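These are my notebook entries on one protein chain. I set down what I looked up, entry by entry.

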Amino acid sequence: MEPIFSGDKNTPEDYIVFFDLDQTLTKSISGEALARGAFRKGLMTHRNLLKAIYLSFEFRIKRKDPLKIMDDMVSWVNGIPEKSVIKLCLEVFHEILLPSVYKEAISEIEYHKSKNAKVVILSSALTTICQEMAKNLNIDDIICSELEVKNGYMTGRPLGHFCFGKEKATRLLAYCKKNNCSPLNSWYYGDSISDLSALEIVGNPVCVNPDRKLKKAAIERDWKILRWGN
């Protein structure tokens, strides 16, 4: 375990700490876990599962616009009852995501909470996943992606913008303003180059198991790099 403490810098008594979820709090990726779970339960066709695996690969290597990939990845829920998707999210969370939470992440959250920090999940993951993570890790609030529902059925479209890339920075700034906290006193923990916009606007950026591009950016900016692993 490699801890990092708020006391390392002149952080005020009350401040906000933002955590990405996939591959920052957890080793697993929620979207991939949901796709595989949906296939096992008959909510997703074999063809759509193969498509999801391929899109996930494209997302990782950043071959095309990630927002377009995300639009394509959630389209499989079109026509599925909202209750079925919520049930799937809960099962996947407890069977796969919760066991993959990094122990170091739990220690980090506990430390910040002991310093009166407000801890917030800032993630492109879906609402139910983020709600359950917050409940189980004693996290105060969530900022995440939502999917559109009409008459109790999923439409396969996002409700508003995905909480991803520059949208994360936009929401982080709005949250800080709403809570009368300067982003310069805030922390953000992320793992991907897609988190760069959010990392650049906080006073305490932390890169957890960063991908190649984020690691390069972190070294150039002298940001903290942590290696976590279950």
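**Entry 1: a strand hairpin**

I began with S4 and strand S5 (residues 153-158), which pair in the antiparallel sense over three bridges. I note that the model is predicted. Across this pairing I found Leu147 opposite Pro158 in S5. S4 and S5 form a hairpin, and two residues lie between the strands. In the turn I looked up Asn151, whose phi is positive, at about 55°.

**Entry 2: the second largest pocket**

I next asked which residues line the second largest pocket. I listed Glu82, Val85, Ile86, Cys89, Leu126, Thr127, Thr128, Ser145, Glu146, Leu147, Val149 and Met154. H4 gives the most, with four residues. By class, I recorded seven nonpolar, three polar and two charged residues in the lining. The space in this pocket comes to about 230 Å³. As a reminder to myself, rolling a probe the size of a water molecule over the atoms shows where empty space is left.

**Entry 3: two helices in contact**

Helix H1 (residues 30-40) and helix H4 (residues 82-97) pack at an angle of about 115°, and their axes are 10 Å apart. I recorded the crossing of H1 and H4 as right-handed. Which residues of H1 and H4 meet? On the H1 side I found Ser30, Ala33, Leu34, Gly37, Ala38 and Arg40. On the H4 side I found Leu88, Cys89, Val92, Ile96 and Leu97. The contact of H1 with H4 has eight nonpolar, two polar and one charged residues.

**Entry 4: the open sheet**

I then asked in what order the six strands of the open sheet stand. The order is S3-S2-S1-S6-S7-S8, and the pairing is parallel. At the edges I found strand S3 (141-145) and strand S8 (224-226), each of which pairs on one side only. From one strand to the next the twist averages 20°. Strand S7 (residues 204-208) and S8 run parallel and are joined by three bridges. Within this pairing, Cys207 has Ile225 in S8 as its bridge partner. Helix H7 (residues 166-178) packs on the sheet, where I saw that it touches strand S1 (16-19), strand S2 (118-126), S3 and strand S6 (187-190). The direction of H7 makes about 150° with that of S2.

Notes:
Residues are numbered from 1 along each chain as its sequence is written. This is a predicted model: local features need pLDDT of at least 70, side-chain atom pairs count only at pLDDT 80 or more; totals for chains, interfaces and linings use all residues. Side-chain values use heavy atoms; hydrogens and water are left out. Axes are lines fitted to C-alpha atoms, for helices over the stretch in contact, and angles run from 0 to 180 degrees between N-to-C directions. A crossing is left-handed if the near helix is turned anticlockwise from the far one by less than a right angle, and right-handed if clockwise. Contact means heavy atoms within 4.5 Å. Ala, Val, Leu, Ile, Met, Phe, Trp, Tyr, Cys and Pro count as nonpolar, Asp, Glu, Lys and Arg as charged, and the others, Gly among them, as polar. On a 1 Å grid over the protein atoms alone, a cavity is a set of points where a 1.4 Å probe fits but cannot get out, and a pocket is an open set with protein on both sides within 12 Å along at least five of seven lines; lining residues have an atom within 4 Å of a point. Grid points are joined across faces, edges and corners, and a volume is the space filled by probe spheres set on the points. Two strands pair if DSSP finds at least two bridges between them.
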